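Please keep the sequence and the 3D view at hand while reading.

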Amino acid sequence: QVQLVESGGGLVQAGGSLRLSCAASGSISSITVMAWYRQAPGKQRELVADITNGGRTKYTDSVKGRFTISRDNAKNTVYLQMNSLKPEDTAVYYCNFRNPLAPQILNYWGQGTQVTVSS
C-alpha cells in the first residue's frame, strides 16, 4: 500500500514563496503521474500541476510562470515550488500519485496541507 505524506504548507504574505513536498512510502513502480491538486473553501478540487515519469509537466493557467512541479525519483518525492503567491492561491493542497491506465487501483492521495496567502 502506498502512503503519501505532504509537508511545507503554511501562512505567507502575497508575493512570497512556499515549497510543498510529498513523499511516498511503499512501492510506486507502477505510478506514472505525480500531481498536485488544490481545493479552496466552497470550490471543487482542481488540478494545479502534474508531471509524468518522462518529465513532461502540465500546469493550470492560473499558476503558469509562478509554480514549478518537480520530482526526485530516488526519494519517491514530488515537489511544488510556489512563487509570487497570491491570496487566490489559498487552499488545501493535495498530492496525488496515479496510473491513468488503472485509475480504480493505482490512485493515491495525501492528507492535504493548508496554504494561506495573506494580502
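## T113 and its surroundings

Apart from neighbours up to four places away in sequence, T113 is in contact with E6, G9, L20, A91, V92 and Y93. The model described here is a predicted one. T113 belongs to strand β11, and its relative accessibility of 11% makes it count as buried, because buried means under 20%. A polar atom of the T113 side chain lies 3.3 Å from the backbone nitrogen of G9.

E6, one of the residues that T113 touches, is part of strand β1, which spans residues 3–7. Strand β1 pairs with β3 in the antiparallel sense, over five bridges. Within β3, the residue opposite E6 is C22.

In soluble globular proteins, nonpolar side chains tend to be buried together. In this model the largest nonpolar core holds 30 residues, and W36, L80, M82, Y93 and F97 have the most contacts inside it. Two or more core residues come from each of these elements: β3 (18–25), β4 (33–39), β5 (46–52), β7 (67–72), β8 (77–82), β9 (91–98) and β11 (113–118).

What does Y93 touch, leaving aside neighbours within four places in sequence? Its contacts are E6, L20, W36, Y37, R38, V48, F67, L80, M82, G112, T113 and V115. Among them, W36, L80 and M82 are also listed with Y93 as having the most contacts inside the core.

## The disulfide

The structure has one disulfide. A disulfide is a covalent bond between the sulfur atoms of two cysteines. Here the cysteines are C22 and C95, with an S to S distance of 2.0 Å. C22 is in strand β3 and C95 is in strand β9, so the bond ties together parts of the chain that are 73 residues apart in sequence. Both cysteines, C22 and C95, are buried. The torsion about their S-S bond is about 50°, so this disulfide is right-handed.

C22 is also among the residues touched by T77. T77 is found in strand β8 and is buried, at a relative accessible area of 6%. Its side chain reaches the backbone oxygen of K75 at 2.8 Å.

## Salt bridges

How many salt bridges does a search of the whole structure find? The search finds six. In one of them, the side chains of D89 and R38 meet with an N to O distance of 3.0 Å. D89 sits in the loop between β8 and β9 and R38 sits in strand β4, so this pair ties together parts that are 51 residues apart in sequence. D89 and R38 are both buried.

D89 also forms a salt bridge with R66, where the closest N and O atoms are 2.7 Å apart. This pair links distant parts of the chain, because R66 is in the loop between β6 (57–59) and β7 while D89 is in the loop between β8 and β9, 23 residues apart. R66 is buried, with a relative accessible area of 10%, and D89 counts as buried at 1%. Through salt bridges that share partners, R38, E46, R66 and D89 are joined into one network.

Another salt bridge is formed by K64 and D61, with the closest N and O atoms 2.9 Å apart. Is D61 buried or exposed? D61 counts as exposed because its relative accessibility is 61%, and exposed means over 50%.

## Q39 in strand β4

Q39 is found in strand β4. It is partly exposed, with a relative accessible area of 29%. When residues up to four places away in sequence are not counted, Q39 touches Q44, R45, A91, V92 and Y94. A polar atom of the Q39 side chain lies 3.1 Å from the backbone oxygen of K43.

Q39 and Q114 are 75 residues apart in sequence, and their C-alpha atoms are 9.6 Å apart in space. A91 and V92, which are among the contacts of Q39, are also among those of T113.

Terms used:
Residues numbered from 1 in each chain as written. Predicted model: local features only at pLDDT ≥ 70, side-chain atom pairs only at ≥ 80, totals over all residues. Heavy atoms only, no water. Core = buried A, V, L, I, M, F, W, Y, C linked by side-chain atoms within 4.5 Å. Buried < 20%, exposed > 50% of the residue type's maximum accessible area, 1.4 Å probe, protein only. Helix = DSSP H or I, 4+ residues; strand = E, 2+ residues; numbered from the N terminus. Contact = heavy atoms within 4.5 Å. Polar contact = N/O pair within 3.5 Å; in protein donor to acceptor, adjacent residues only side chain to side chain. Disulfide = S-S within 2.5 Å. Pairing = 2+ DSSP bridges. Salt bridge = Lys/Arg side-chain N within 4 Å of Asp/Glu carboxyl O.
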